[in-house]
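Colleague: I am new to this one. Could you take a close look at how its helices pack and walk me through it in one go?

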Amino acid sequence: MRLFLALIDIFTNPAFYKLTLTAATPLIFASLGGVFSETTGVVNIALEGIMLMGAFVSVVFTWLTGNAWIGVFFAVLVGLGMAWLHAWASITWRGNQIVSGTALILLAQGVTGFLMEPIFGRPGQTDIVGKIAEVKIPFLMKNRFLAQSIGELSPMIYVAFASVFVAWFVIYKTKLGLRMRAVGENPEAADTLGVNVYAVRYFGVLMSGVMASLGGAFLSVGEVGNFRELMSGGRGFIALAAMILGNWNPVGAMWASLLFGFSEAFANQLQSSPLLRVASTTKPLFNMFPFIVTLIVIAGFIGKTRPPAADGVPYEK
Amino acid sequence: MNQKLWSFLVPVLSVVVALIIASFVILMIGKNPITAYAALIRGALGSKMAIASTIVKTTPLILTGLAVGFGFRAGLFNIGAEGQMIVGAMVATAFAINVGWMPAVLAIPLTMLVGMVAGAAYASIAGFLKAKTGAHEVVTTIMLNWIADYLSSYVVTVPMGVGFGTPKSPEIASSAKLPPLMVVQATELTSGIIVAVLAAILMKILLDKTSKGYELKAAGFNPYAAEYGGIKLADNIVLAMAISGALAGLAGTLEVMGVHHRFLGTLSGGKGFDGISIALIGQNNPIGIIFAALLMGALRNGSNEMQFVGVPKHIIMIVQAIIIFLVAADRIVRAIFLRKKVAK
């Protein structure tokens, strides 16, 4: 009964919907990154590492310049650099894409941990360096429920949803998108028709770097305003799951990200619900929830969606 | 250059390149790489105690390296050794706390068995999902890692927790503790190292001398051909994942039985992930993995000393990342060292 009341309390609380959007945003960014990369046939599990690096770099440059947008800009630059490394190893040198991705995750964990002390003077987490201000939408502020749920949001959340449209438009409505899909499905045929397979794949992977680093930057300067070690916390992999569940389509990935964001927000609200009074020692069990949801969803849906045919296969001329 | 020599040279050269690049990173934060590496070597091999401690750190790494390497041989990327290690250690501890009435000759092998079965069972979730639905083991094992992580931090505080401070379980029964080979000052050199080396030899025999091992390798090398040849892929995936998980579970169990004598939430501490680098450096060969684990154990152990001269020990992760990157794209290493474009 108390659980039932707590559930009602959660679902009628406008803050819950804001939390869902906030939790979904990094996943939307990163899963779009996955879509860009895998559409062209390159698996990029480095999303997790690029997010972590993006979160860190944006905090460093926000701290240096005092402007969080400049922080985001540098996060994207570094994200491009990491994605380029992945592209270089897996496209130019035809390395194992999953192993290269693993290396980049480790690199991000190493570099961010390594630089914490020299830059911020202590390990663990940085000071609050400031974050991107939330924007009020005046006409939504009139209703209390709308005001507290979607009336005042980080502009990066709007950027995330705009990116979904842009990604969909690029991949399905442009010549470049047609080439991306051709290269991901059948690189030999695309090559025969004069498409530069390597260049198109580089584009896909580099875009995944842009997207994942935006997701990472949102985690730090978009949401909390500081950096904690390993703060990406598996979201890069949840984003990959969202991409799979969304059938490698930007719009599908967005819906899947919202589902996973919802489950994260739900677990969060449940453990802090004043009605349930969850002991602090029991809270780890609630943190398992989004991961269990992801596992079940992956297992349940996987056969029903289809990856690009040449996904993960290096192309040799 | 012949293939065998090359598969030995790639990891060695990758380590060299990684250490060179890392020395520039150390320079970047205004420290002297020579001082740093000297401290690293002193910390890893500088005294009897340092060597003993390196061997203690190497023990679980051999097993997680074998776990990941075995997966690779069967065509699976088990990135979940971390979680399997935690679950193995946790379940083995729950068992070993209650075996005070058993003689050591029973308690020790049974505790190991329990830890291995727990690790195998946990890994089998991913194996089963892959065999049944095609869910990629990289994504599922990562999810299982996080679940194991949170689960253990709950278990070690509430149902199993004792005392104050760092969450920890009660000590295991003394009959389930591994006797140390020798005691160097305060460091007990665990006999777990013997178990780990034995596991490597057993894995080599399984892979090279048995028909099941041949099946597993065939399924990993070319699943389509293997299936055409009458090998049941689904069964092999589950089996390979279970064996891999058993090795990781044993890694955690030996940490409990030989080193901490209790379960700690922080017990895995990245050792499962180190298994990936170790398997790649050891080229998935059990004997190579022993040496790769020794290298990584020395790096891990020496990095504490490096911390004292002002170089954060995260540098070891950077070194590992570069090694993995270069092993992934070994053509880069060829190009660097052979000075010509090798079939770019």
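Modeller: Start with one cut-off. A residue counts as buried if 20 or more other C-beta atoms lie within 10 Å of its own C-beta atom. With 12 or fewer it is exposed, and in between it is partly exposed. By that rule, 55% of the 317 residues of chain A are buried. Keep in mind that this is a predicted model.

First, the setting. The secondary structure of chain A consists of 14 helices and two strands. Along the principal axes, its C-alpha atoms fill a box of roughly 65 × 45 × 40 Å. A compact globule of 317 residues would have a radius of gyration near 20 Å, and the 20 Å of chain A agrees with that. Consider also the contacts in chain A with a separation of 6 or more: 78% of them join residues 24 or more positions apart.

Chain A also touches chain B. There, 38 residues of chain A are in contact with 35 residues of chain B. On the chain A side, helix 5 (97-120), helix 11 (235-245), helix 13 (283-287) and helix 14 (289-301) each supply at least two residues. Helix 5 of chain A gives the largest share, 14 residues. By class, this side of chain A has 23 nonpolar, 13 polar and two charged residues.

Now to the packing inside chain B. Take helix 3 (residues 48-73) of chain B, which has two partners to look at here.

One partner is helix 7 (residues 192-209) of chain B. The two axes come within 8 Å and cross at roughly 20°. An angle under 35 degrees counts as roughly parallel, so helix 3 of chain B is roughly parallel to helix 7 of chain B. The crossing is left-handed. Helix 3 of chain B brings B:I55, B:T58, B:T59, B:I62, B:L63, B:L66, B:F70 and B:R73 to this contact. Helix 7 of chain B answers with residues including B:I193, B:V197, B:M203 and B:L207. The residues of this contact split into twelve nonpolar, three polar and one charged.

The other partner is helix 10 (residues 233-260) of chain B. Here the axes are 7 Å apart and the angle is about 170°. Angles over 145 degrees count as roughly antiparallel, and therefore helix 3 of chain B and helix 10 of chain B are roughly antiparallel. From helix 3 of chain B, the contact uses residues including B:V56, B:P60, B:L63, B:A67 and B:G71. From helix 10 of chain B come, among them, B:I243, B:L247, B:L254, B:E255 and B:V259. By class, that contact has 14 nonpolar, four polar and one charged residues.

Helix 2 (residues 33-45) of chain B and helix 12 (286-308) of chain B have axes that come within 7 Å and cross at roughly 125°. The two are therefore oblique to each other. Helix 2 of chain B passes helix 12 of chain B in a right-handed crossing. Residues of helix 2 of chain B, including B:A36, B:L40, B:R42 and B:L45, meet residues of helix 12 of chain B, among them B:A298, B:N301, B:E305 and B:F308. This contact has nine nonpolar, five polar and two charged residues.

B:Q283 is partly exposed, with 18 other C-beta atoms within 10 Å. Its phi is positive, about 50°, although B:Q283 is not a glycine. Most residues other than glycine have a negative phi. A:R94 also has a positive phi of about 50° without being a glycine. A:R94 is in the loop between helix 4 (68-92) and helix 5 of chain A.

Helix 14 (residues 330-338) of chain B buries B:D330, B:I332, B:V333 and B:R334. Their cover includes helix 1 (3-28) and helix 13 (315-328) of chain B. Helix 13 of chain B also holds B:Q320. B:Q320 is buried because 30 other C-beta atoms lie within 10 Å. Leaving aside its neighbours within four places in sequence, B:Q320 is in contact with A:L106 and B:S277.

Definitions and conventions:
Residues numbered from 1 in each chain as written. Chains lettered and ligands numbered in written order. Predicted model: local features only at pLDDT ≥ 70, side-chain atom pairs only at ≥ 80, totals over all residues. Contact = placed C-beta atoms within 7 Å. Helix = DSSP H or I, 4+ residues; strand = E, 2+ residues; numbered from the N terminus. Nonpolar A, V, L, I, M, F, W, Y, C, P; charged D, E, K, R; others polar. Rg over C-alpha atoms; globule rule 2.2 N^0.38 Å. Axes fitted to C-alpha atoms, helices over the stretch in contact; angles between N-to-C directions. Parallel < 35°, antiparallel > 145°, perpendicular 65-115°, else oblique. Left-handed = near helix turned anticlockwise from the far one by under 90°.
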